[in-house]
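Biologist: Thanks for sitting down with me. Could you walk me through this model, one question at a time?

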Amino acid sequence: MAPTRDDGRDGYLAFVENHQHRLLRAAYLICGNQHQAEDLLQDALLKLALRWSSVRNGDPSAYVRAILYRDSVSWWRRRRREWLSAAPPDQVTHDRDGALRLTMHDALGLLPPRQRAVLVLRYYEDLTEVATAEALGVTVGTVKSQCHAALRRLREVAPDLARDARPSRGSADLASGLEVNP
């Protein structure tokens, strides 16, 4: 049996299998549309496959995240006036967490793409300011200012989020970050 050359295919397939669901959730949070998120992730994974040999020893998930966020902003710039949204639910839900999720989703949809990307990277992906800056290709100062502006805008467009995020008197809950730096 002749030795086979390791072209990295197995490593790439293992990476995709292990990370695709988390990356798809991040793509959905960035663009707000399931179909667009799937397209963004598919394009990002294709770009990763083409560069796998040079990226596989580093941090491939950071590479894919950077592609997702940059491609999402590029897509938004090309189709700036068109907003895609899913049809409203047929039944009204009384689930408080569901209502908060819908409020957050709607509020994120009102943010510019860069601010939305900063919030998703910082608070959903739990990246540091430095890692967020690297993923977006901007300075740390830009991340800080975009984050501050995005949180201020969220408080303006969805005051219910800040009100629900504040712990009640005598509660030991932690703050969510929406009420910080008003």
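Modeller: Happy to. A residue is called buried when its relative accessible area is under 20%. Please keep in mind that this is a predicted model.

Biologist: What percentage of the residues in the protein is buried?

Modeller: The protein has 182 residues. With the cut-off for burial at under 20% relative accessible area, the buried share of the protein comes to 36%.

Biologist: Is Thr132 buried or exposed?

Modeller: Thr132 sits in helix α7, residues 129-136. Its neighbours in contact, leaving aside those up to four places away in sequence, are Val118, Leu121, Arg122, Leu127 and Val143. The relative accessible area of Thr132 is 0%, so this residue is buried.

Biologist: Which residue has its backbone oxygen 2.8 Å from a polar atom of the Thr132 side chain?

Modeller: Thr132 belongs to α7, which covers residues 129-136. A polar atom of its side chain lies 2.8 Å from a backbone oxygen, and that oxygen belongs to Thr128.

Biologist: Where do the buried residues of α7 lie around the helix axis, on the same side or on opposite sides?

Modeller: The buried residues of α7 are Thr132, Ala133, Ala135 and Leu136. They cover an arc of only 165° around the axis, so they lie on the same side of α7.

Biologist: Which helices do those buried residues pack against?

Modeller: The buried set in α7 is Thr132, Ala133, Ala135 and Leu136. Their packing partners are α4 (60-78), α6 and α8 (140-157).

Biologist: Is Asp126 buried or exposed?

Modeller: Asp126 is in the loop between α6 (113-124) and α7. Although it is not a glycine, Asp126 has a positive phi of about 60°. Its relative accessibility is 65%, so Asp126 counts as exposed.

Biologist: Which residue just after α7 takes a positive phi of about 70°?

Modeller: Helix α7 covers residues 129-136. The residue just after α7 with a positive phi of about 70° is Gly137.

Biologist: How is α1 set relative to α2?

Modeller: Helix α1 (residues 9-31) packs with helix α2 (residues 34-50), their axes 9 Å apart. Their crossing is right-handed. The angle is about 140°, and that makes α1 and α2 oblique.

Notes. Residues are numbered from 1 along each chain as its sequence is written. This is a predicted model: local features need pLDDT of at least 70, side-chain atom pairs count only at pLDDT 80 or more; totals for chains, interfaces and linings use all residues. Side-chain values use heavy atoms; hydrogens and water are left out. Helices (H or I, at least four residues) and strands (E, at least two) are DSSP runs, numbered from the N terminus. Buried means under 20% relative accessible area, exposed over 50%, partly exposed in between (1.4 Å probe, protein chains only). A polar contact is a pair of N or O atoms within 3.5 Å; within protein, one must be able to donate a hydrogen and the other to accept it, and residues adjacent in sequence count only if both atoms are side-chain atoms. Contact means heavy atoms within 4.5 Å. The arc is that of the directions from the helix axis to the C-beta atoms. Axes are lines fitted to C-alpha atoms, for helices over the stretch in contact, and angles run from 0 to 180 degrees between N-to-C directions. Angles under 35 degrees count as roughly parallel, over 145 as roughly antiparallel, 65 to 115 as roughly perpendicular and the rest as oblique. A crossing is left-handed if the near helix is turned anticlockwise from the far one by less than a right angle, and right-handed if clockwise.
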